Amino acid sequence: MAERTASLQVDGKTVIFPVRDGSMGPAVVDIRSLYGDTDLFTFDPGFTSTASCESKITFIDGDEGVLLYRGYPIDQLAENGDFLETAYLLLYGELPTAAQKAEFDYRITRHTMVHEQMARFFQGFRRDAHPMAVMVASVGALSAFYHDSTNIADPVERMVASTRMIAKIPTLAAMAYKYSVGQPFVYPKNDLDYASNFLRMCFAVPCEEYKISPILARALDRIFILHADHEQNASTSTVRLSGSSGANPFACIAAGIASLWGPAHGGANEAVLKMLGEIGSVERIPQFIARAKDKNDPFRLMGFGHRVYKNYDPRAKIMQRTTQEVLKELGVNDPLLEVALELERIALSDDYFIEKKLYPNIDFYSGITLKAMNFPVEMFTVLFALARTVGWIAQWKEMIEDPNAKIGRPRQLYTGEKRRDYVQIAKR
Ligand code: SDX
């Protein structure tokens, strides 16, 4: 079949670019020669039409509401496997055999402790520091403790750093929570699975044995699976750009955590709960819908809309089901769930949301579940970062191992002052 091409006519000149097909999804116009051929840059702030890289990890079809991790549908992974199986899949590209899974679980479990001096590191924070600030700092500080796994050119050191990052992020997240409530840190236990270990590190106290609810642990594990990766979102792009300069993986993950914190991204789950609390009752929903539609009002329905999904976020459906399971298990009757369900029903029948294809995203229901599990709202994005660390590491690893990888260095459309000479202060 003849190679597909795209042509650009500019200043009487025609320039031809190859069109490359992927295995699924939109093809790309390869414009790497554009500037050399035309002295022109493309202009695409927010990257709404730009593929920043080639990847084999996650595929999203926004129109159909499809999410695949290495080709496997997210609902099948969430229903059948556990988070560390998904982590293995994202990192290595295939579902693990029983032996591979056992080795991976063993390897991750035995890296869950952090250097004991990290505990002192926390003492420098105010007790009321936002835990995402603590996470940015403490994850970045890992590169000050683990010098023996920061040489990214060494595949063994890369594997060790990846293992340490996935293993220690729950421990640091639990330490951030414990520090905020003034309770002693709880060490991980090697006979617990990933999610159970995290629940115990968060909620156990020295005075009594902590009883792990298998249903809550399973629900949390599933929530981690849903948040594990999502193609080239803002925080993953941040990790890739940081890593493209050769920065060590701990520093790159800290950069990803910083980007995820924003309310337009991972911070939305915290913002959703605050919004539902502000709405307060079903009767007040119409006035907030009106505000979301009002161009002069900056208010947006948090947990709604998505750059890619112009259909229901497949994760939100599984999240909604998990929310109802957790509330039932805990015997919690949260009025905010009633507000959320009614808000979703009204929004999905409103022309504004239909025309703009604004559907609930993963953040819309996750907060209600985490609140029911007694996580404070400030910890919601920390749990998102905990789970997304697997995706960030997998994407970082893919980039580092790509022989064509280059340092990311975008250009700009300059609209500032033309060249002018310095004016002495006496003459200004
Ligand atoms: C995540 O990228 C990822 O994959 C992210 C993520 C992941 O797993 O990594 O899926 C996680 O970040 C989910 C999104 C969480 N954020 C929120 O729930 C915050 C609320 N949503 C919006 O801020 C917004 O929808 C974004 C940021 C998510 C997407 O913004 P886009 O793609 O830049 O779209 P846009 O802002 O250009 O909106 C298109 C139109 C605009 O109207 P017009 O200017 O065209 O008239 O839709 C409107 C927007 O005003 N709109 C909304 C809205 N979201 C978009 N109007 C009301 N409420 C909203 N929530």
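**Group meeting: strands, ligand shell and cavities**

Okay, let's start with the sheet: strand E5 (residues 66–69) pairs with E4 in the antiparallel sense over four bridges. For terms, strands are DSSP runs of E, at least two residues, and helices are H or I runs of at least four, numbered from the N terminus. Two strands pair if DSSP finds at least two bridges between them. Before I go on, this is a predicted model, so to read it: local features need pLDDT of at least 70, side-chain atom pairs count only at pLDDT 80 or more, and totals for chains, interfaces and linings use all residues. Residues are numbered from 1 along each chain as its sequence is written, and side-chain values use heavy atoms, with hydrogens and water left out.

Back to E4 and E5. Phe59 sits opposite Leu68 in E5. The hairpin of these two strands has four residues between them, and Gly65 there takes a positive phi near 65°. Zoom out and you get an open sheet of three strands, antiparallel, in the order E4-E5-E6.

E1 (residues 5–10) and E2 (residues 13–20) pair antiparallel over six bridges, with Val10 opposite Lys13 in E2. They make a hairpin with two residues between them, and Asp11 in the turn has a positive phi of about 50°. E2 also runs antiparallel to E3 (residues 28–29), joined by two bridges, and Val19 has Val29 in E3 as its bridge partner.

On to the ligand. Which residues come nearest to it? Of the 24 residues around the ligand, those are His230, His306, Arg307, Arg315 and Arg388; near here means a heavy atom within 4 Å. By class, that shell has ten nonpolar, seven polar and seven charged residues. The classes: Ala, Val, Leu, Ile, Met, Phe, Trp, Tyr, Cys and Pro are nonpolar, Asp, Glu, Lys and Arg are charged, and the others, Gly among them, are polar.

For polar contacts, think N or O pairs within 3.5 Å. A polar side-chain atom of Arg300 is 2.9 Å from a ligand oxygen. A side-chain N or O atom of Lys356 lies 3.0 Å from an oxygen atom of the ligand. Phe304 uses its backbone instead: a polar atom there is 2.9 Å from a ligand nitrogen. Taken alone, the ligand exposes 1,100 Å², and the protein buries 77% of that (Shrake-Rupley, 1.4 Å probe).

Last topic, cavities. The structure holds three of 30 Å³ or more. A cavity is a set of points on a 1 Å grid over the protein atoms alone where a 1.4 Å probe fits but cannot get out, and lining residues have an atom within 4 Å of a point. H4 (98–109), H7 (155–181) and H8 (194–203) each supply at least two lining residues, with the largest share, four, from H8. By class, the lining divides into eight nonpolar, four polar and one charged.

Notes:
A polar contact is a pair of N or O atoms within 3.5 Å; within protein, one must be able to donate a hydrogen and the other to accept it, and residues adjacent in sequence count only if both atoms are side-chain atoms. On a 1 Å grid over the protein atoms alone, a cavity is a set of points where a 1.4 Å probe fits but cannot get out, and a pocket is an open set with protein on both sides within 12 Å along at least five of seven lines; lining residues have an atom within 4 Å of a point. Grid points are joined across faces, edges and corners, and a volume is the space filled by probe spheres set on the points.
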